[in-house]
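This briefing goes through one protein structure by topic. Please look at the sequence and the model first.

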Amino acid sequence: MTEHPTSHEGRQPLAARPQERTRPRQETPPSPAAPPVPAPLSAPRAGAAQAPASPSATASAPAGASGHAGGPGRGTPGQADGAPGRGAGRGGGRGAAPDGHVPAAGGAGAGAGAGAGGSTGAGTGGVTGGMPAGTAGPLEGLPVQGGSGGPGGGKDPVVAARREGDRLRFVGAATRRIARGIDLDEIVLGLCRATVPTFSDAILVYLRDPLPVGDERPVDPFVLRLRRTDRLRLTEDEADLGLSAADPETDLDLGPAAELCEVQAGGALAEVLRGVRPVFGDSAAARAALPELLGDGRCVPSGHRAILAPLRGRRRVIGAAVFLRRPDRPPFEPNDLLVAAQLATHTALGIDKAVLYGREAYIADELQRTMLPENLPQPTGVKLASRYLPAAETARVGGDWYDAIPLPGSRVALVVGDVMGHSMTSAAIMGQLRTTAQTLAGLDLPPQEVLHHLDEQAQRLGENRMATCLYAVYDPVAHRITIANAGHPPPILLHLGGRAEVLRVPPGAPIGVGGVDFEAVELDAPAGATLLLYTDGLVESRLRDVWTGIEQLRERLAATAQLTGPDHSPPLEALCDDVLDMLGPGDRDDDIALLAARFDGIAPSDVAYWFLEPEEQAPGRARRLARRALARWDLEDLSDSVELLVSEVVTNAVRYAERPVTLRLLRTDVLRCEVGDDSPQLPRQRRARDTDEGGRGLFLVNRLARRWGATRLSTGKVVWFELPTRI
């Protein structure tokens, strides 16, 4: 099959899809006694005689073969048997119907090359005019009426019926190809590939810039931008025959087209676009509109060799398409306007849907992005990394989520959940459950209590609001982790030596079932270990069950840890990437959320903890204890600031506390001080008046500390501040 190279100005074409090729239409060849077609189906060139083919031309063609795709008189004198003529060179590749369908007898190949011998064209599988079996040339004018196909050609009812069938097959194939596109570029590419070279030799597609979405009011001014252009070039075979691309009789003079065109209100182009119907290039309206659209330096072929077709969507005109034919090809016919109208309508409606789909995809991406944490926190004593993969490119929104929530006492809550479904509704429910989990975590509730309240919230959201969730709290001081599970796959703990184990956590019932108690377990979290939380999309698919996938994940983690040695933990980011690499082609049935936590912990020597009775001497004792701890850590430079801030915070706690006050200092990359009491009322910074005796403590904390805050607990509150260890 001879391919026709085309030039694609603008955006690069998308890869052809294998499913776009269909099996050629098979028809029974006519019997040898079938009468020959009395006249060619395409319009003869000017001056071509209607006499039978010359003896030399008849002798050069095999028995039963028709003339070249260009029609009578287009063959090259002296051409050898089976050598492709000019029409054949133009007919290969995309010369067939847009989806690879080869027209039947009387189709594009037959209509262009029917001659003596009763050939049925390229669709019959034989050799026609030197063209290989299964190829078809460009349509030398689609079905005509009223005898425009030559004397006697259009008047033959059999020929007219065949040509009308060709028209319907071409329109059907072209619209199917256009409808395959799911985004704007694919639809425009489908229009170009469907029409060049079968219907036209060149096409220019202009679209409104910007494209309105749905019921949006279009912006002014009305600007058209050249989205894509496609054209037919001469092949090497045609160049070998001495045909030049610069020959005005064989090629289009496609000068530089205007990239942007501002449609003037009340102008000729605006009138054509308002009329919606395609018009010939030599009509009065098009002669004034085309220079405005293409630019003054653009040459348009004379005669009926150009069609200007407005692209109208559901509510408004969104662009225009220009179809062009070379001078050596028969001009467009009146019925070709109907073909152009069909192509323009399907393209415009497809673009409308593509723009709406693009807006929905954008909303889905933004929704998913805002539902998940943009940046993970880096709490003291733990390092975090995460990944999220949607189920498919067409299902970008899912119900999987992960989160890391800093808690008082340098602890951190690790959450992974999965809402049933892959829709906007699932994402919305996920967002509500994630917000609820963050609120409950701020109250410092035990993990099992958090899941209990999430279960109640899911029931309030409606029926069948099911989700799985795993909630864990890591304490870097105690090197312990408390985990509660609600029907979620169990986490995997990767130890420093390379051993990976699936933690035995009570499975529990999914969130939304109701009336189920959740149980929490407390486990060791040694320094250097890595905890992996994930959703079932990572371990379950149509090809494997969930427990097989969990075992494969455990083995993968152990193998990865062996690469870094027994004394070093694998980097978190590389570990997450390596885990996702275990997914095969058939393993992506669900979206995937992955959260990895590396436990560094806080050494006991870096922690100082005291209980203070709520009495007047408590602030002074707190200053002395803090001074001793700083001296032990070689941080005497911070003594003045720490003593002042500790005194202010402890004084405020003692004023409202009824039970002993807790004071804790932690030394990591910063110095953190935490003061807890049993009063739930959170302190608020305020501006003290000159006559006020108090109210300046938090003002000093805000000015001297790098960060500070207050968190309400189930048993009271904690006020904390941080100072840099290096000044």
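Helix α12 lies across β13, β14 and β16, running at about 15° to β13. Helix α13 (residues 572-580) packs on the sheet as well, touching β8, β16 and β17, and its direction makes about 30° with that of β8. Contact here means heavy atoms within 4.5 Å. Axes are lines fitted to C-alpha atoms, for helices over the stretch in contact, and angles run from 0 to 180 degrees between N-to-C directions. Helices (H or I, at least four residues) and strands (E, at least two) are DSSP runs, numbered from the N terminus.

This is a predicted model, in which local features need pLDDT of at least 70 and side-chain atom pairs count only at pLDDT 80 or more, while totals for chains, interfaces and linings use all residues. Residues are numbered from 1 along each chain as its sequence is written, and side-chain values use heavy atoms, with hydrogens and water left out.

**The chain as a whole**

- The secondary structure of the protein chain comes to 16 helices and 22 strands.
- Of the 727 residues in the protein chain, 52% are buried; buried means under 20% relative accessible area, exposed over 50%, and partly exposed in between (1.4 Å probe, protein chains only).
- Among contacts between residues at least 6 apart in sequence, 72% join residues at least 24 apart.

**The sheet with β17**

- An open sheet of 5 strands has the order β8-β17-β16-β13-β14, with antiparallel pairing; two strands pair if DSSP finds at least two bridges between them.
- The edge strands of this sheet are β8 and β14 (500-502), each of which pairs on one side only.
- The twist of this sheet averages 20° from one strand to the next.
- Strand β8 (residues 382-389) is joined to β17 by 8 bridges, and the two run antiparallel; Leu-384 stands opposite Ala-597 in β17.
- Strand β16 (residues 530-534) pairs with β17 in the antiparallel sense over 5 bridges, and Thr-530 stands opposite Arg-598 in β17.
- Strand β13 (residues 492-494) pairs with β14 in the antiparallel sense over 3 bridges, where Leu-494 has Ala-500 in β14 as its bridge partner.

**Strand β17: buried or exposed?**

- Strand β17 (residues 592-599) is largely enclosed by the rest of the structure, because 8 of its 8 residues are buried.
- In a regular strand the side chains alternate between the two faces of the sheet.
- Both faces of β17 are covered: Ile-592, Leu-594, Ala-596 and Arg-598 are buried on one side, and Ala-593, Leu-595, Ala-597 and Phe-599 on the other.

**Asp-536**

- Asp-536 lies in the loop between β16 and α12 (546-564).
- Asp-536 counts as partly exposed because its relative accessibility is 22%.
- Asp-536 and Asp-591 are 55 residues apart in sequence and 8.5 Å apart in space, C-alpha to C-alpha.
- Not counting residues up to four places away in sequence, Asp-536 touches Asp-418, Pro-489 and Asp-590.

**The sheet with β9**

- An open sheet of 5 strands has the order β9-β10-β11-β12-β15, with antiparallel pairing.
- Its edge strands are β9 (400-406) and β15 (520-524), each pairing on one side only.
- Its twist averages 15° from one strand to the next.
- Strand β12 (residues 480-486) is joined to β15 by 5 bridges, and the two run antiparallel; Ala-484 has Ala-520 in β15 as its bridge partner.
- Helix α10 (residues 424-442) lies across β9, β10 (412-419) and β11 (467-475), running at about 15° to β9.

**Helix pairs**

- Two packed helices are described by the angle between their axes and the distance between the axes.
- For α10 and helix α11 (residues 447-461), the packing angle is about 145° and the axes are 10 Å apart.
- Residues of α10 in this contact include Ile-429 and Leu-433, and those of α11 include Val-450 and Leu-454.
- For α14 and α15, the packing angle is about 145° and the axes are 8 Å apart.
- Residues of α14 in this contact include Ala-622 and Arg-623, and those of α15 include Val-646 and Val-650.
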